[in-house]
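Open the model in your viewer and keep the selection panel handy. We will go from chain to chain, picking out one thing at a time.

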Amino acid sequence: MRDETMLELLRRQGVSRRGFLKFCAATASMLALPPSMAAAVAEAMATARRPTVIWLSFQECTGCTESLTRSHSPTLESLLFDTISLDYHETLQAAAGTAAEAAREAAMQNAWGNYLVLVDGSIPLKDGGVYATVAGKSNLQTLREVAEGAAAIVSIGTCASYGGLPYAKPNPTGAVPVSEIITDKPIINVPGCPPIPVVMTAVLAHYLTFGTLPELDGLGRPKAFYGESIHERCYRRPFYDRGLFAKSFDDEGARNGWCLFELGCKGPTTHNACATTKWNQGTSFPIQSGHGCLGCSEPDFWDAGGFYNTLSTPITPVTGAATAALAAGAATGLAVTLANRRRKANARRAHPEVTIDDLEK
Amino acid sequence: MSATLEKGLNALREQIDAPIASYFSSCVRCGMCAEACLFFTETRDPKYTPIHKLEPMRRLWEQEYTLSGRVKKWLGLAKPITDEELEAWSPLVYDSCTQCGRCSMVCPVGNDLTYMIRKLREGMALSGHAPPDVVSAVNRTVTLGSPMGVKLKALQAQIRDQEAETGLTVPINVQGADYLALLSSMEIMNFPEYIGSLARIFDRAGVSWTLSSEAFEATNSGIQIGQADLAGAIVMRIVTAAEKLGVKSVISPECGHAYTALRWEGPNLIGRPYRFEVVHILELLDQLRRTGRLKTRGKVAEPLTFHDPCQLVRRGGVVAQPRRLLGMIAADFREMDEHGVWNWCCGGGGGVSASERANALQLTSFRRKQAQLEKLNVETMVTACANCRIVLEEGLEHHHMDIKLVGLTELIAEHLEE
Amino acid sequence: MSGLGDIGIAVQEPGGDANARAVLREIETLLERLLASGEGGSIDLGGLPLSGADYELLEATLGHGEVSAVIDSLGPTDVIETAIPGVWWLTHCNAAEEVMAEFIEVGWCPQIVLAAQEDVSDGLQRLRAALKEDGNAG
Amino acid sequence: MNAMELLSWSRGPGLGIATAVFLFGMLLRLFEIYSLGRKPDLAPARPNSPGSGWRTIISRSVPEAPVFRRSAVTLTSGYLFHIGFFIVLLFTVPHITLFESVIGIGWPALPTPVVDLVAVVAIIAMLVSLLHRLLDPVKRFLSGFGDYVAWSVTFLPLLTGYMAHHHLLPDYTLMLAIHILSVELLLVLFPFTKLTHMLTLFIARWYNGEWFGHKGVAS
């Protein structure tokens, strides 16, 4: 069964050719491919093998898994997940304890060099990584072990991608993202707190369909979903351009749906697909609900100033530095004053009794 | 002879004050002062840009009175000020600056460049980089009492002539007179009519006045060369004589820088206020006019204009008086396009006319005045500064212009009511 | 607060129908191509940020034609011929009837409506099996 | 360091350092100036002078017509740039929120298209002033390295701000970081270049005006 192609799997589940075509068309749409590519997707799907996937959860809140599984009815995403061979997922799998670990090792052995590793959560390094262990193994050990035989790693969520919440100052566990530990494998970052479900599935679909990684940006994110900022695709953008801003959450501007920039929206510096894909089956996204973007798909978003502080304001108050600088300036100024006064006084003392002889050499 | 670089630099250290520091801190190198300087406008040579003339002093200020400059100097990154450099700067500081003060009015950040040039000359003088002719003039003023070497005997001869001409007595050393009148050697030697004019006007107006045999010379070469001690000594002679005679006022003659020296710099040079007041002759004449003691008859019919001496208007505040006086006697008074505090210099003030080596440049710079005059179509130009008058006469002659020059006091005297 | 409508938030739809106009132009081009060469094409409406006004314009301009069909595979797919013959509006839904993808297809008949060879052969086998059972029974 | 880290640095430690250097330096400059003192003027002042230091602080901003004619390019580009720069600095929303967060006082912004136009005018005026500096014999003669540095660090915030506002680099985060860093560079160099004139010109004008006013002349 492991060697079944996607097409075979779907047919075995009683899906007709029409259903397969529909599946391919929807997948192409999800991957933002032109409709003419649906045929290519179909062709690829007809021959693609279902991959082995191992999902590792480290310092995380399970929000990413929640995001992925909180679809109330079978959707294309869940169907897609049915087609992969999810051999290890602590939260979702039925097996527990040593049986679970054995399943993971078996899956790794069977697909060594070819399986996908999905990671959510950051990895603590401080004090030998004791802050997160599973079956007596630190996350660091587990990640190194599992990553060794992986074809590629998908960092699901901001914690795995950039460190996320555990990484925020003062980072008590010494948390780091996957990319700081694994440097010899292709890594796809799918940041977000949590990431949009369709983005996660699209990355898998792309890998499934074409067997390659999608095109990534400088921060390792698929360009198809993270290529544009929230601000660029925001339906409230015209208000920004016209200079119409909500000043508080219950003022006239807020009621009129004006731009939330002044209320701390991080849309301009946040790259994600929320403004177009939206959440909960396309119902809405934070800005549409009247709240600014938190910037959750960007590195260090917890430390990039308060969520309600405007993007153009200081992250840390400057008053302390300013006061210290003024004090230092005054102290140095006094020293310079004394030095200047002394120099001038010396010059006055050295002033000769001038005669006309002093006008010529 | 004992001028040294160190003495010069030391003088600059002493002179640099808060205004100068604020000026150097504010300069943005916009170059607008160039367009205010007739040595630039008539040559278009950027080296005559006023702020550039101050470069050695700017560097000294930066190196000695700012923290960043001190650090630069300590790191060996600062270019020291040398004798060679100061010598090279001498023509910029002396020959091409008449202290006219126009740049100080134009500078958008408010730099008083003239104030700074005056201070820079303190350093130039004591480091031995003043023009030789100006040094000689100072020498003569200090040793003989007058930059042109005019002695009491020469003055007495001129007084006799004027007494004969006017039939009036010119009072000398009259204890307790109200006014002590001063003269410039140029007036004594070139325009002695000024003495006669004073005698006639004061006689008619009933002004109690006198000359002093101990202090008749008002010009102050110490101001022009920029040496405060010597300038102060020259001022002190007048102060001593005036206070000895017990006069209420001292009259500055028709000479721009003499007025500056006596009225504005004097108390600061001698370090105390005077026990008398200083008025320019035009201020006194206007006062007499106002009180009805100065009465004229008839008016000059031909068109005439007035050349404002810089030290009188821009640097002295005597602006309205000459116009009111001319209003009494001129039927067709024509103002130059830029006049009053916005006048253009004759080109020979601030010691420039005293320096032989500046002569060609001075004549070139006269073109500015020439252009102003050509727009007016006047036959007569009145002024109130003997130095301006001589410089203008040279310029008019050199540029073949047929315009008569006359001192305002003389012109008033000619129109006195009988 | 008696209901959601009382919450004082006005959600403003992005205005304008410029995207719908662009889609209609593209449909025009595809129809011309269909008539000239027999080759149609497809437009993914999900790939465009369409506003409410865009949808209204598209629906008003294209209208409803003679054919409407529902394909029931992996959830319903509505196939509707618009009032412009040859222009088909396809809406793919999942089992929960949530829209997964939406296409405008220009062609004689949408590909997905045609029965596929392997489904036909599967069907034939099922028919034969049924006949055989029938025969056995009879 | 990625763009977001750069932006966070510029909004955090970078801004602190720049503000500190700026305030330290400017205060020091004031001490440097006033430490040198000024002798009292013993010559009696002319009474009822039309001029004074305070008057000159204002009046020196309005050139006489002949002065304007002689330096038309310098004054026009200078005015447009200075006014434009301060309008853009003081009347755009992101800047006002910054001031509000630091000093606690906010004020209304100008409409975005207005600020946008003003920014373009200011940028053009600065380019003209640079060109003039390179072509005019006097300015070229007077200008040194420091003058071009001062121009550059003043121009960069305008240019990068305009680019950031219009998303002219693919990555807005990087663009915004560059913009803020360029402002910080301006602040750091401010006290050590001719840019100090922003503060000291008021002192200079005051001294100038007092000197002239003492003599009964309005300068």
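Predicted model: local features only at pLDDT ≥ 70, side-chain atom pairs only at ≥ 80, totals over all residues.

## Start where the chains meet

Residues are numbered from 1 along each chain as its sequence is written, and chains are lettered from A and ligands numbered from 1 in the order in which they are written.

Select the B–D contact now. Chain D brings 46 residues to it and chain B brings 48 residues. On the chain D side, the elements giving two or more residues are helix H2 (13-34), helix H4 (65-70), helix H5 (72-90), helix H8 (137-142) and helix H11 (197-214) of chain D. Helices here are DSSP runs of H or I with at least four residues, strands are runs of E with at least two, and both are numbered from the N terminus. Which helix gives the most to this side of chain D? Highlight H11(D), which supplies 9 residues. Colouring the chain D side by class shows 19 nonpolar, 12 polar and 15 charged residues. For these classes, Ala, Val, Leu, Ile, Met, Phe, Trp, Tyr, Cys and Pro count as nonpolar, Asp, Glu, Lys and Arg as charged, and the others, Gly among them, as polar.

Next, select the contact between chains A and B. Here 17 residues of chain A meet 22 residues of chain B, and the chain A side is made of 7 nonpolar, 3 polar and 7 charged residues.

Two pairs are worth checking with the distance tool. Chains B and C do not touch, and their nearest C-alpha atoms are 50 Å apart. Chains C and D have no contact either, with their closest C-alpha atoms 20 Å apart.

## Chain D on its own

Hide everything but chain D. You will find 11 helices and 0 strands, and its C-alpha atoms fill a box of roughly 65 × 40 × 35 Å along the principal axes. Of its 219 residues, 48% count as buried, meaning that 20 or more other C-beta atoms lie within 10 Å of the residue's own, with C-beta atoms placed from the backbone. Take the contacts between residues at least 6 apart in the sequence of chain D: 76% of them join residues at least 24 apart.

## Chain A and a helix pair

Switch to chain A, which has 16 helices and 9 strands. Its C-alpha trace spans about 115 × 55 × 45 Å along the principal axes. The radius of gyration of chain A is 29 Å, whereas a compact globule of 361 residues would have one near 21 Å; the radius is taken over C-alpha atoms, and the globule rule is 2.2 Å times the number of residues to the power 0.38. Of the 361 residues, 50% count as buried.

Now zoom in on helix H2 (residues 17-30) and helix H3 (residues 38-47) of chain A, whose axes come within 8 Å and cross at roughly 115 degrees. Axes are lines fitted to C-alpha atoms, for helices over the stretch in contact, and angles run from 0 to 180 degrees between N-to-C directions. Show the side chains at the contact: among them are A:Phe20, A:Leu21 and A:Cys24 of H2(A), and A:Val41 and A:Met45 of H3(A). By class, this contact has 9 nonpolar, 1 polar and no charged residues.

## Two sheets to finish

In chain C, select the open sheet of 5 strands, ordered E1-E5-E4-E3-E2 with antiparallel pairing; two strands pair if DSSP finds at least two bridges between them. Strand E1 (41-44) and strand E2 (68-72) of chain C are the edges, each with a single partner strand, so one side of each has no neighbour in the sheet. The twist from one strand to the next averages 20 degrees. Strand E3 (residues 76-81) and strand E4 (residues 87-93) of chain C are joined by 5 bridges, and C:Asp78 has C:Thr91 in E4(C) as its bridge partner.

Last stop, chain B: 3 strands form an open, parallel sheet in the order E5-E6-E7. The edge strands are E5 (304-307) and E7 (404-407) of chain B, each pairing on one side only. E5(B) and strand E6 (residues 380-383) of chain B are joined by 4 bridges, and B:Thr305 stands opposite B:Met381 in E6(B).

Key
Contact = placed C-beta atoms within 7 Å. Buried ≥ 20, exposed ≤ 12 C-beta atoms within 10 Å, placed from the backbone.
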